[in-house]
Amino acid sequence: MVVRRVFGGLALGGLLVFAWGSTTAERLPVAAPIVVTRSFIEHADTVRRNETLSELFARQGIGGNELIGVLDALDGLDPRRVQPRTVFEFTTPVGESHPEGIRVRVSRDAFAVAKLGPDGWRGAREEVTWTVQTLRIVGDIQSSLYETLDDLVPDTVLDRPGRAQLAWDLADGVYAWEIDFTRDIRPGDRFTVLFEHLTSSLGERRYGRVLAANVQTAGVEHTAYVLSDAEGRNAYYNADGMSLRRAFKMYPVQFRRISSNFNRGRMHPVLKTRRAHLGTDYAADQGTPIEATADGTVIRAGRWGGYGIMVGIRHVKDIETRYAHMSRLAPGIRAGVRVRQGDVIGFVGMTGLASGPHVHYEFLKNGRQLNPRGVDLGDGEPVPAARREEFAQALAAFDGLLGRPGPAVARTD
Ligand SMILES: [Zn+2]
């Protein structure tokens, strides 16, 4: 697709102001007065399927050494990783055919820009600014957390992938060690979530991260407050300042549903005989990444009878986890390799004895399969001492936004 816009000989002196939404507090940069003496045509060209960048640039009359110069100037653009539908914008002086300016989005936060000057193509970056808002959702869970969020949150706030990401972040990023949203939740359980919502200077919207949450199930309140670590990763702590993270996560995959539970005597769907099902089956799309549920060492990786392509990981306390029916292993996964919790170890498939794509997940202690739901995985770590003050302040602010009563004040009278 090619979009053309023609700009006349603009003489800009002052400030061009766009009307933004009332919630954004954007400070617009003040443009220096410029007098434009030439007119330009701006148009866009889109990378087609199975097309190389040389082919796209050839349409614009750029090839050979000049193309090398252009790609060199477009800082942050990896020519080998350009996806179909990437849009390149070209600026060409009116009456000429050769572009003098090129712009391409290289990340959420920036465009790479190349401009033709007397000594060839020179690169620059153009930032995309994002304005952050905090939004709150309060609801009663109906059939599932995802369906409830899908009903409550309008498209104008979060699109469908954004809603799915928020639900998954709550289930996996925040509460993966604490609440099993497939089994612990009852209809009518109340939840409140505070999350960041971002709007770009181009009007794009996206979901950011969960800041705090409160889920009440079976009369128990599960609080969660974010505290980012030095590497910018989000860790969540409860109101007592204890980490929600445990040695083992509940799920190894972003699943659509649990297709079979741990059961010591069930009818096997392929073998049609009564056999114990010594694991949990998580149905997920073919190719979905499978993650290690805890730190450990890979002790088995490859084909193993009815498990198909599988990975076995040994953890502390004589615990082993197994992930079966993979379509393939993740690169570098083989016996002897150390993995961290959350590392991708393979991808969902249906190798071995499987009737559809899913992960068969087993949790073994001393070589015997257990239902991981019945295993006490201990307490999380407390907020680091040096950050307790910071956490207490954040907690007070988040509690106000969550509508939670503040901490009880001890009375001495
Ligand atoms: Zn299974």
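The buried residues of helix 3 are covered by, among others, strand 9 (130-140) and helix 4 (160-174). Helices here are DSSP runs of H or I with at least four residues, strands are runs of E with at least two, and both are numbered from the N terminus. Covering rests on contact, that is, C-beta atoms, placed from the backbone, within 7 Å.

Before going on, this is a predicted model: local features need pLDDT of at least 70, side-chain atom pairs count only at pLDDT 80 or more, and totals for chains, interfaces and linings use all residues. Residues are numbered from 1 along each chain as its sequence is written.

Which residues of helix 3 (residues 145-152) are buried? Leu145, Thr148 and Leu149 are. Buried means 20 or more other C-beta atoms within 10 Å of the residue's own; 12 or fewer is exposed, in between is partly exposed, and C-beta atoms are placed from the backbone. Those three cover an arc of only 95 degrees around the axis, which puts them on the same side of helix 3. The arc is taken from the directions from the helix axis to the C-beta atoms.

Five strands form an open sheet in the order 9-10-11-12-13, with antiparallel pairing. To pair, two strands need at least two bridges found between them by DSSP. Strand 9 and strand 13 (234-237) are the edges, each pairing on one side only. Strand 12 (residues 220-228) pairs with strand 13 over four bridges, in the antiparallel sense. One detail there: Leu227 has Ala235, in strand 13, as its bridge partner.

Now the core. The largest nonpolar core has 63 residues, and Leu170, Tyr175, Ala212, Ala213, Val311 and Tyr323 have the most contacts inside it. By nonpolar core I mean buried Ala, Val, Leu, Ile, Met, Phe, Trp, Tyr and Cys residues joined through C-beta atoms within 7 Å. Strand 11 (residues 205-217) supplies the largest share, six residues. Where does this core lie relative to domain 2 (130-237) and domain 3 (257-374)? Both domains give residues to this core, so it lies between them. The domain bounds come from an automatic or database domain assignment.

Take Ala213 as an example. Leaving aside neighbours within four places in sequence, Ala213 is in contact with Leu170, Val174, Phe191, Thr192, Val193 and Ala224. A second, separate core has 14 residues, including Phe57, Leu74, Phe90 and Ile102.

Finally, the overall count: the protein has five helices and 25 strands, and 27% of its 413 residues count as buried.

Conventions: Contact = placed C-beta atoms within 7 Å.
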